[in-house]
Amino acid sequence: MLEQAIGIFGGTFDPVHLGHLHLAASAWQMANLKEVRMLACAQSPLRTEPIASTKHRLQMLKLAVTEHAYLIIDDSEIIRGDKSYTFDTLQNLRATFKNTPLCLIMGIDAFCNFYKWYKWQNIFDLAHVIVANRPAANKPQATELILEIKKRQVFTAKNLEHELAGRILFIEINPLPISATQIRWLIKNGQSASNLLPDKVWQYIQNNNLYK
Ligand code: ATP
């Protein structure tokens, strides 16, 4: 008998916003997850450096999760420093959670590039992948990815409960049309982004003059 599955939601969270929290909440509910670990990356191998410091990004995450007991902050990639490889992080988590299905959560935009991730096919030995729709995002195009979907897709969250790893589940959420890029742009251009972020995160950004 396996333990209740846990979710791992990685991101730059520069800054964390209501779209992230909505996806985490939806995945938690739809896949009956015990908790969702908000995994803040130090530096994504596929992106430019974050704008806010790791200290600020973590602090904003802390403020964002306070009212959601099922959200846990995972700062292991920040502590490790350097480039953040999800494969390494999942290997470490697997060593801790030996009998627990691990579910990597991402939006479809991130999944479209999943085949570029370090050891991406080996990630399926360590975790399931839950993919959520996002407004105006493409469908996966890469042949390698389409083959993996054919091999691994399941259609109900129950199917994630009986295996430790290796399945892909697409979930249909009511996605919020919010991105961190848009928030940074609004702030840089002197506009308010208060309705796109938790209140406490918006206050923090203002108090610390971030993204100006
Ligand atoms: P940026 O605009 O800087 O690229 P972002 O808002 O896309 O940032 P990230 O931290 O890069 O946020 O994304 C982390 C994860 O969150 C990715 O899997 C991404 O698909 C997902 N995500 C981000 N925003 C949303 C949203 N509004 N709805 C659903 N998923 C989202």
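**Entry 1: the edge of the sheet**

I began with Gln153 and found that its bridge partner in β7 is Ile168. The model I am reading is a predicted one. I then looked up the pairing itself: β6 and β7 run parallel and are joined by two bridges.

I next traced the whole sheet. It is open and has seven strands, in the order β3-β2-β1-β4-β5-β7-β6, with parallel pairing. I noted that β3 (71-74) and β6 stand at the edges; each has a single partner strand, so one side of each lacks a neighbour in the sheet. Helix α4 (residues 86-96) packs on this sheet, where I found it touching β1 (6-11), β2 (36-40), β3 and β4 (102-107). The direction of α4 makes about 150 degrees with that of β4.

**Entry 2: strand β2**

I turned to β2 and asked how many of its residues are buried. I counted five of five, so I recorded the strand as mostly covered, with the cut-off for burial at under 20% relative accessible area. I then sorted the residues by face: Val36, Met38 and Ala40 lie on one side, Arg37 and Leu39 on the other, and all are buried. As a general point, side chains in a regular strand alternate between the two faces of the sheet.

Arg37, in strand β2, received a separate check. Why does Arg37 count as buried? Its relative accessibility is 15%, and the cut-off is under 20%. Leaving aside neighbours within four places in sequence, I listed its contacts as Ile6, Gly7, Ile8, Phe9, Ile72, Asp74, Leu93 and Phe97.

For the pairing with β1, I found five bridges in the parallel sense.

**Entry 3: strand β5 and His128**

I looked up His128, which belongs to strand β5 (residues 128-132). His128 is buried, at a relative accessible area of 0%. Which residues does His128 touch, not counting those up to four places away in sequence? I listed Pro101, Leu102, Cys103, Leu104, Leu160, Glu163, Leu164, Ala165, Gly166 and Arg167.

Two distances were then recorded. A polar atom of the His128 side chain lies 3.0 Å from the backbone oxygen of Leu160. The C-alpha atoms of His128 and Glu163 are separated by 8.7 Å, although these residues are 35 apart along the chain.

**Entry 4: helix α7 and Arg152**

I examined helix α7 (residues 143-152), in which Arg152 is found. The buried residues of α7 are Leu145, Glu148, Ile149 and Arg152. Seen down the helix axis, they fall within an arc of 105 degrees, so they line one face of α7. In general, an α-helix has 3.6 residues a turn, so residues three or four places apart point the same way. On the other side of α7, I found Thr143, Leu147, Lys150 and Lys151 exposed. The buried residues of α7 pack against α5 (108-112), α6 (120-126), β6 (153-154) and β7 (168-171).

Is Arg152 buried or exposed? It counts as buried, at 15% relative accessibility. Its side chain makes a polar contact of 2.6 Å with the side chain of Glu148. A polar atom of the Arg152 side chain also lies 3.0 Å from the backbone oxygen of Gly166. Not counting residues up to four places away in sequence, Arg152 touches Phe124, Gly166, Arg167 and Ile168.

**Entry 5: helix α9**

I listed the buried residues of helix α9 (residues 199-207) as Val201, Trp202, Tyr204 and Ile205. They cover an arc of only 160 degrees around the axis, which puts them on the same side of α9. The face turned away from this buried side carries the exposed residues Asp199 and Asn207. I noted that α2 (54-65) and α8 (180-188) are included in what covers the buried residues. After α9 comes Asn209, whose phi is positive, near 55 degrees.

**Entry 6: the ligand**

For Asp109, I recorded 2.5 Å between an oxygen atom of the ligand and an N or O atom in the side chain. On the backbone side, a ligand oxygen is 3.0 Å from a polar atom of Thr12, and a ligand oxygen is 3.0 Å from a polar backbone atom of Gly107.

How values were computed: Residues are numbered from 1 along each chain as its sequence is written. This is a predicted model: local features need pLDDT of at least 70, side-chain atom pairs count only at pLDDT 80 or more; totals for chains, interfaces and linings use all residues. Side-chain values use heavy atoms; hydrogens and water are left out. Helices (H or I, at least four residues) and strands (E, at least two) are DSSP runs, numbered from the N terminus. Buried means under 20% relative accessible area, exposed over 50%, partly exposed in between (1.4 Å probe, protein chains only). Contact means heavy atoms within 4.5 Å. A polar contact is a pair of N or O atoms within 3.5 Å; within protein, one must be able to donate a hydrogen and the other to accept it, and residues adjacent in sequence count only if both atoms are side-chain atoms. The arc is that of the directions from the helix axis to the C-beta atoms. Two strands pair if DSSP finds at least two bridges between them. Axes are lines fitted to C-alpha atoms, for helices over the stretch in contact, and angles run from 0 to 180 degrees between N-to-C directions.
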